[in-house]
Each structure stands twice: as C-alpha cells, then as structure tokens.
Amino acid sequence: CWSAKTFPSAEGFRGLVGLFPAAKFVYIYRNGCEVVQSRTRFPGFRALGFERQCREWARHIEEHAYLLTAAQAIAIRQEDLREAPARVFRELLPFLELEADEGPERFVQTTLLQPLDKPTQLNVDVAEAFKERPPPHASWTPDQKETFKRLCGPAMQRMGYDVPF
C-alpha cells in the first residue's frame, strides 16, 4: 500500500508496477475551479499568484493523464465521491479487492477535510455543505476568469468539466 496525495510520473508509475505488479492506484481528481480557488486560500499555496495556481492545476492534470487509462488505476471525480459515495465505493472496493464496508462511505459523507482555509470538520453533511458554498469562481475578476479559461480550459475539457463562465 502507498497512500499519497500526489502520484509519480508516468515513468515512475511504470517502474512501480514493474516492481509491484499487483499494485493498484486510486486517482481522485477535482474540478479545476475548485482546486484553483482552494489553492488561493490554503496556507501552503496562497502566496503564489492566480496564474501560477492555474498553471499548476493544468500541469498536474496533464502529467497524470496516464492514470485515466492505466489498467492498474481507477480514476474518481471528487464530486462523485462527495455526491454519490455508495456508487463510487461499489466500484472502488472490488477494484481494490476489498470487502464491502459502509465505513468509507460514512466517512466521506460526514467529514470535511481541510475545507478551504478552515480545520477539518467532523459530523457534517458534506454534500449539503458544498451546496451551500458559492461557486468557486464567484469572487474571481474578469481577468482571472480569462486566465483560467486560457490556462485550464484544455485540462478541464480532458477531465470532462465545463468552464462555467
């Protein structure tokens, strides 16, 4: 098992699979608007400019695109995990060769991990909390929206997202 928030390069992935042929990878990706907005507020990244935030998200999407088709990987939209966890875990647990268990589903339904610039929140209705949020781009200037479209548009399209402005 290897649990990490980031993935190796395609070359590193091939090396790991060569060493550990039974390895499985779970790639959870998010809408670029949400990621960029989050990065502008998260302490570790907020000092970077908006354009850099956009470039970083788009670069990560392109760098890890191999995970969308690799037999040893399953790709999960973060929004699906949040909005339909039962369906996601019905696919994910067999892929990982794990027994069905309600614990992971309950966890993602009730735990909001590092929401924007706040501490983790327990015992909340995660789906409802996201519905109450304004769109991530609501506070962006027209220039920021154009920058996002220019830099992130192709990656948004690759991942099946529409740019909402």
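**Close-up 1. R59 and E56 sit 3 residues apart in helix α3, about one helical turn from each other.** Helices are DSSP runs of H or I with at least four residues, numbered from the N terminus. The side chains of R59 and E56 meet in a salt bridge, 2.9 Å from N to O. A salt bridge here is a side-chain nitrogen of Lys or Arg within 4 Å of a carboxyl oxygen of Asp or Glu. R59 is partly exposed, at 38% relative accessible area. E56 is buried, at 14%. Buried means under 20% relative accessible area, exposed over 50%, and partly exposed in between (1.4 Å probe, protein chains only).

The model is predicted: local features need pLDDT of at least 70, side-chain atom pairs count only at pLDDT 80 or more, and totals for chains, interfaces and linings use all residues. Residues are numbered from 1 along each chain as its sequence is written, and side-chain values use heavy atoms, with hydrogens and water left out.

**Close-up 2. E56 also forms a salt bridge with R52.** The closest N and O atoms are 3.6 Å apart. Both residues lie in helix α3, which covers residues 50-63. E56 and R52 are 4 residues apart, about one turn of the helix. R52 is partly exposed, with 44% relative accessibility.

**Close-up 3. In helix α6 (residues 102-110), R106 and E102 are 4 residues apart, about one turn.** A salt bridge joins R106 to E102, with the closest N and O atoms 3.9 Å apart. R106 counts as partly exposed at 46% relative accessibility. E102 counts as exposed at 59%.

**Close-up 4. R30, E34, R82 and E83 form one network, joined by salt bridges that share partners.** The whole structure holds 14 salt bridges.

Terms used. Helices (H or I, at least four residues) and strands (E, at least two) are DSSP runs, numbered from the N terminus.
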